[in-house]
Amino acid sequence: MNDRSSSSNEKKSSDLKIRLISAAIMALVAGFALWVGSWLFTIFVILIAAAIIFEWYGLVENFGYSKNVTYFWLALGVLYIGYAAFTLVFFRLKDVSYIPTLMMLLVVIVTDAGAYFAGRRFGKRKLAPKISPGKTWEGLLGGMIAAGILWCYYNVMINNAEWYEALLSGMAMAILAQMGDLFESWMKRKAGKKDSSNILPGHGGLFDRADGILAVFFVLGIIHIPLFWINF
């Protein structure tokens, strides 16, 4: 029993190290591309989006649908992922600084962290047990509060926004991020897959890491890009 326990602990420790190392590498590469902006960030986002579309297709081809329906799902994926990627590039390139785009990305990251810790500590009521058994309403609320505080702090301190508007906006983005997470979880369950791929050591696929970001930037693009061109 002790040998098994020791072996299990060593494996968990090894897996954690792999996750941390790969996460650090991903953060450095993505952060550098975001900081530089311009063509480098555009190419980076295009490559990531193309890889996620490939993972999307890998899931939908296991849905058991006919070819025509599968191709329809592929078209939806290209539209969804492509427009979210376009919005991400659009926000980065329209601003001189990388900070506004970074803060939007951090809202999604903080949402996941807040939901994880609140769910672990207070989670009792299942959010969507048939799709993602680990998610709880308490976790969702924790993610919303964390995102709302971050977005409120940034916009009030930097943009002189009304605190309640910024708070509500941050919480709305958190809800979108969680919806994107649940949607990808549904796709994986439908396809009978644990991860969207195994491209990232310890993390699964790129879609697994970007599901919330895609949902947030897809909706932000629908809302803000038309308004930008109207006021241009």
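The model is predicted, so local features need pLDDT of at least 70 and side-chain atom pairs count only at pLDDT 80 or more, while totals for chains, interfaces and linings use all residues. Residues are numbered from 1 along each chain as its sequence is written, and side-chain values use heavy atoms, with hydrogens and water left out.

The protein holds seven helices and two strands. Helices (H or I, at least four residues) and strands (E, at least two) are DSSP runs, numbered from the N terminus. Along the sequence, the order of elements is α-α-α-α-β-β-α-α-α. The protein has 232 residues, and 38% of them are buried. Buried means under 20% relative accessible area, exposed means over 50%, and partly exposed lies in between (1.4 Å probe, protein chains only). Of the contacts with a separation of 6 or more, 65% join residues 24 or more positions apart.

Helix packing comes next. Two packed helices are described by the angle between their axes and the distance between the axes. Axes are lines fitted to C-alpha atoms, for helices over the stretch in contact, and angles run from 0 to 180 degrees between N-to-C directions. Helix α4 spans residues 99–122 and helix α5 spans residues 137–159. Their axes come within 6 Å and cross at roughly 150 degrees. The angle therefore makes α4 roughly antiparallel to α5. Angles under 35 degrees count as roughly parallel, over 145 as roughly antiparallel, 65 to 115 as roughly perpendicular and the rest as oblique. The crossing of α4 and α5 is right-handed. A crossing is right-handed if the near helix is turned clockwise from the far one by less than a right angle, and left-handed if anticlockwise. The contact of α4 with α5 involves 15 nonpolar residues, six polar and one charged. Ala, Val, Leu, Ile, Met, Phe, Trp, Tyr, Cys and Pro count as nonpolar, Asp, Glu, Lys and Arg as charged, and the others, Gly among them, as polar.

Helices α2 and α6 form another pair. Their axes come within 8 Å and cross at roughly 45 degrees. The two helices are therefore oblique to each other. From α2, the residues Trp 56, Leu 59 and Val 60 take part. They meet Phe 183, Met 187, Lys 188 and Ala 191 of α6. The residues of this contact comprise six nonpolar, no polar and one charged.

Several individual residues were examined. Ile 81 sits in helix α3 (residues 67–94). Ile 81 counts as buried because its relative accessibility is 0%. Beyond residues up to four places away in sequence, Ile 81 touches Ala 49, Ile 52, Ile 53, Trp 56 and Leu 214. Ile 81 and Phe 218 are 137 residues apart in sequence, yet their C-alpha atoms are 7.7 Å apart.

Lys 135 belongs to strand β2 (residues 132–136). With a relative accessible area of 17%, Lys 135 is buried. Its contacts, not counting residues up to four places away in sequence, include Arg 125, Lys 126, Leu 127 and Ala 128. Gln 178, Asp 181, Leu 182 and Ser 185 also touch Lys 135. Ser 185 lies in helix α6 (residues 163–191) and is buried at 11% relative accessibility.

Most residues other than glycine have a negative phi. Ser 38 has a positive phi, near 50 degrees. This serine is found in helix α2 (residues 38–60) and is partly exposed at 42% relative accessibility. Asn 160 also has a positive phi, near 55 degrees. Asn 160 is in the loop between α5 and α6 and is exposed at 68% relative accessibility.

Glu 61 lies in the loop between α2 and α3. Glu 61 is partly exposed, with a relative accessible area of 46%. Glu 61 and Trp 73 are 12 residues apart in sequence and 9.0 Å apart in space, C-alpha to C-alpha.

Terms used. Contact = heavy atoms within 4.5 Å.
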